[in-house]
Amino acid sequence: MSINLAIDHFEAGFRVFALHPIVNGVCGCGDPECKAAGKHPMVSRWQNVPEWSDEQFDNMMEYSVDTGYGIICDNHIVLDVDKRNGGFESLAKLNKDLGLDFESLSKFVVATGGGGLHIFFK
């Protein structure tokens with residue numbers, strides 16, 4: 001996961017938290033049978049992560065967000081355009097059916113690691 005994307009989310013006002021990394025092919029949480037490898041928070045009570053100061057965020061970035069992060073999307077709707085499952089075709093149909101262009105209407109669009117998009121609306 002790109003550190004630059006975590007920075008973009010932080011600068012856009014989202015609360016960011018680190019996910020467990022993948023270490024030698026298994027989840028860094030220590031559970032060799034982990035069903036959510038690399039996709040679950042390193043901290044408990046992640047739903048309550050604070051709004052970091054710049055210094056706190058920089059420390060988190062330096063020590064724990066090099067492989068993945070999550071964000072709290074309070075008061076947002078996020079369109080998840082998944083390339084693998086026909087998301088771009090579905091988005092085009094939705095845009096056509098509604099006469100809208102969701103990408104241009106959003107103030108924050110992020111490319112995902114899988115080649116898709118997250119289109120944010122507040």
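Begin by selecting Asp97 and Lys93, which form a salt bridge (a side-chain nitrogen of Lys or Arg within 4 Å of a carboxyl oxygen of Asp or Glu) whose closest N and O atoms are 2.7 Å apart. Both residues lie in helix α3, residues 87-98, where they are four residues apart, about one turn of the helix. Helices here are DSSP runs of H or I with at least four residues, strands are runs of E with at least two, and both are numbered from the N terminus. Asp97 and Lys93 are both exposed, and the words used for this throughout the tour are buried for under 20% relative accessible area, exposed for over 50%, and partly exposed for what lies in between, with a 1.4 Å probe and protein chains only.

Before moving on, keep in mind that this is a predicted model, in which local features need pLDDT of at least 70 and side-chain atom pairs count only at pLDDT 80 or more, while totals for chains, interfaces and linings use all residues. Residues are numbered from 1 along each chain as its sequence is written, and side-chain values use heavy atoms, with hydrogens and water left out.

**The whole chain**

Zoom out and colour by secondary structure: the chain has four helices and seven strands, and read along the sequence they follow the pattern α-β-β-β-α-β-β-α-α-β-β. The C-alpha atoms fill a box of roughly 45 × 35 × 25 Å, taken along the principal axes. Of the 122 residues in the chain, 32% are buried. If you look at contacts (heavy atoms within 4.5 Å) with a separation of 6 or more, residues 24 or more positions apart account for 62% of them.

**The other salt bridges**

The count of salt bridges comes to three. For another of them, select Arg15 and Asp74, whose closest N and O atoms are 2.7 Å apart. This pair links distant parts of the chain, since Arg15 is in strand β1 (residues 15-18) and Asp74 is in the loop between β4 (69-72) and β5 (77-81), 59 residues apart. Arg15 counts as buried because its relative accessible area is 16%, whereas Asp74, at 45%, is partly exposed.

Next select Arg84 and Asp82, a salt bridge in which the closest N and O atoms are 3.5 Å apart. Here Arg84 has 65% relative accessibility and therefore counts as exposed, while Asp82 has a relative accessible area of 22% and is partly exposed.

A patch is made of residues with over 30% relative accessible area and no salt bridge, where like charges are joined within 9 Å and nonpolar side chains (Val, Leu, Ile, Met, Phe, Trp, Tyr) within 5 Å. Helices α1 (3-11) and α2 (54-63) each supply at least two residues of the negative patch, and the largest share, four residues, comes from α2. Glu55 lies in helix α2, and at 60% relative accessibility Glu55 counts as exposed.

Now turn to Leu94, Leu98, Leu100 and Leu105, which form a nonpolar patch on the surface with about 330 Å² of accessible area together; such areas come from the Shrake-Rupley method with a 1.4 Å probe, and for residues only the protein chains shown count as cover. Leu94 is found in helix α3, and Leu94 counts as partly exposed because its relative accessibility is 32%.

**A buried histidine**

Select His9, which lies in helix α1 and counts as buried because its relative accessibility is 4%. Leaving aside its neighbours within four places in sequence, His9 is in contact with Phe14, Val16, Tyr69, Ile71, Phe108, Val110 and Phe120, so display these side chains together with His9.

**The last stop**

Finish at Phe121, whose place is in strand β7 (residues 117-121). At 22% relative accessibility Phe121 counts as partly exposed. Leaving aside neighbours within four places in sequence, Phe121 is in contact with Asn75, His76, Ile77, Leu79, Phe102, Leu105 and Ser106. Draw a distance from Phe121 to Ser106, and you will find that they are 15 residues apart in sequence and 5.9 Å apart in space, C-alpha to C-alpha.
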